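Please open the model in a viewer and keep the selection tool at hand. The stops below proceed from whole chains to single residues.

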Amino acid sequence: MAFDAATIRQDFPILQQMRSATVPLTYLDNAASSQKPQSVIDTLNTYYRTQNANVHRGIHWLSEMATELYEGARVKLQKFVNAKTRREIIFTRGTTEAINLVAQTWGRANLKAGDVVLSTVMEHHANIVSWQIAAEQYGFTLHYVPLLYDGTLDQATYARLLREENVKLVALTHGSNTLGTINPVADMTQLAHAHGALVLVDAAQTAPHFKLDVQALDCDFLAFSGHKMLGPTGIGVLYGKRELLEAMPPFLGGGDMIATVTLEGSTWNQLPYKFEAGTPAIAQAIGLGAAVDYLNALDLPAANAHEHALFVELYERLSEIAGVRVLGAAPERGALAAFTMEGAHAHDIAQVLDQHGVAVRAGHHCTMPLHQHLGIAASVRASLYFYNTAADVDRFIQAVYAARKTLVS
Amino acid sequence: MDETFYRENILDHARHMRNKGLLSPCDFDHEEHNPLCGDHLHLTMRIDDNGIIREVGWDGSGCAISQASASMLGEELIGMSLEQARKLDKQFVLDLIGIPLTINRVKCATLSLKTLLVGLVSSEHWENIEDE
Ligand SMILES: Cc1ncc(COP(=O)(O)O)c(C=O)c1O
């Protein structure tokens, strides 16, 4: 069955809008945040209109309903990534908070001077800065796996670092948000485990596109954000292997995460609540559950094939434009292209694109070290999702030509 | 929710709790809390040389459901072998309570079983039972 993006688009009210009376909206900033289908919007609306209450506490109709829905969403997420139990699914604010949680709690219990955490040059700041902060607190050393010219990780150096350094954890992105590179996380995890190191996978860019399987990947932690995969903002997931989560101290202190509290001290609640202090993002979690329902109903391989075909066309036509340099040339990559244009700054390009109704990201995309490594200050990034169409790619390419005409004399 | 929620049997147990009061000395001694509401249960048991539970004594504080379930479970445990006790599941106490419970109330009803199984087996075993 052919994938019909034109029909799928009908599910996304925001995409029905025009940028102005004559200019359609071309949304190509999906790697930053995706749009939301009607079903997710309806779920949030219904929740606030008819189900809203705090969870886990009230013995009343609404609280029971909210609790059922919130915990039901957790089970949907568990199945979505194929975790063994729902207790391995911790709701967080997003990828960033999930990574900070691991750096702060697993780090506190396990890392000390002489230990090494391996990150990579292509990481989002979330997977670099969290570890820098923890390194200052706990005294371990942070090393980075370098890149090859095509924008893939230097696997030989990775293997050497694992062999020669006292690596305790590898903090690795599954998909680069700038180069598009998809890293071989299953193989890299196997190698890390062979050297006694754990692996945290940043799946912010892959969870929206692929069916992830934490048991097949065998990663120890995996983090992703709801808002990039059709869900609301303010909700994301930390998956962790149960025995690791059990052994970790809590992250934030407060309500819901305790078993008992006295003025002298406290004991911790079971998983996953130990890591969910305070009133959680209830509506958002339920909304993310609805987003997972939507993705499950989608023919994901067909959606991927559609996205990939659009990407190939976008990549080829963009690369043909004089002065344009597309970043990254990994053989396996996600549907996004960051680029620079000789003689034009990224922000100016994005501004002209916006006048043509094309939404892209301009800047360093939270990958400053990578941009430094590439010798550029900023880039423009176009990123696709399954609801994009060939018309979107056309409008984008025309707008880039227009930007060139305006900006490069 | 209708008035029949508090079935006569539950109220009877809640008003006239069986085996309340801790045993000392004893062969089994474990305490658990329900973090959602602060209900507390302390369970003690005397076990004979054949591994049969002979006496049960418990203490605790909480709602009618949690207290009644401790009272009911205590009665059932007397005469049971440890081997049987280890195999108890959530449905066993839910059947004792005998009324449909919503998600937050299930925690109340199973606090006594949780205390038994965490003490007898492990907290991981209990979490698996809870997730069934
Ligand atoms: C690879 C990667 N990691 C982490 C993040 C951070 O996600 P969030 O801002 O939702 O926490 C993003 C997105 O911004 C990302 O692309």
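Two residues are in contact when heavy atoms lie within 4.5 Å. This is a predicted model, in which local features need pLDDT of at least 70 and side-chain atom pairs count only at pLDDT 80 or more, while totals for chains, interfaces and linings use all residues. Residues are numbered from 1 along each chain as its sequence is written, chains are lettered from A and ligands numbered from 1 in the order in which they are written, and side-chain values use heavy atoms, with hydrogens and water left out.

**Stop 1: chain B**

Select chain B and colour by secondary structure. Helices (H or I, at least four residues) and strands (E, at least two) are DSSP runs, numbered from the N terminus. Chain B holds seven helices and three strands, and their order along the sequence is α-β-β-β-α-α-α-α-α-α. The radius of gyration of chain B is 14 Å, close to the 14 Å that the globule rule gives for 132 residues, so chain B is as compact as a globular protein of that length. That radius is taken over C-alpha atoms, and the rule is 2.2 Å times the number of residues to the power 0.38. Along the principal axes, the C-alpha trace of chain B spans about 45 × 30 × 25 Å.

Among contacts in chain B between residues at least 6 apart in sequence, 58% join residues at least 24 apart. Of its 132 residues, 49% count as buried; buried means under 20% relative accessible area, exposed over 50%, and partly exposed in between (1.4 Å probe, protein chains only).

Now display the surface of chain B.

Colour the charged side chains next. Lys and Arg count as positive and Asp and Glu as negative, with His and the chain ends not counted; each charge is placed at NZ of Lys, CZ of Arg, CG of Asp or CD of Glu. Chain B has 12 positive and 23 negative side chains, and the centres of the two sets lie 2 Å apart.

**Stop 2: two loop positions in chain B**

Select the loop between α1 (8–15) and β1 (28–33) of chain B, where Pro25(B) lies. The peptide bond joining Ser24(B) and Pro25(B) is cis, with omega about 0 degrees. Asn19(B) is also found in the loop between α1 and β1 of chain B. Phi of Asn19(B) is near 65 degrees, a positive value in a residue other than glycine. At 27% relative accessibility, Asn19(B) counts as partly exposed.

**Stop 3: the interface**

Show both chains. Which residues of chain B lose the most area to chain A? First, the extent of the interface: 14 residues of chain B are in contact with 20 residues of chain A. The two chains bury about 1,500 Å² between them, 46% of it on carbon and sulfur atoms. Buried area is the accessible area (1.4 Å probe) that two parts lose on being put together, summed over both. In chain B, Ile103(B), Asn104(B) and Glu127(B) lose the most area to chain A, together 38% of what that side buries.

**Stop 4: chain A**

Select chain A, which contains 14 helices and 15 strands. Its radius of gyration is 22 Å, close to the 22 Å that the globule rule gives for 409 residues, so chain A is as compact as a globular protein of that length. The C-alpha atoms of chain A fill a box of roughly 70 × 60 × 40 Å along the principal axes. Of the 409 residues, 59% count as buried. Among contacts in chain A between residues at least 6 apart in sequence, 71% join residues at least 24 apart.

**Stop 5**

Select Arg108(A), in helix α4 (residues 95–110) of chain A. At 43% relative accessibility, Arg108(A) counts as partly exposed. Leaving aside neighbours within four places in sequence, Arg108(A) is in contact with Ala103(A), Tyr138(A), Pro249(A) and Pro250(A). The C-alpha atoms of Arg108(A) and Pro249(A), 141 residues apart along the chain, are separated by 8.0 Å.

Finish at Pro272(A), in the loop between β10 (266–268) and α10 (282–297) of chain A. The peptide bond from Leu271(A) to Pro272(A) is cis, with omega near -5 degrees.
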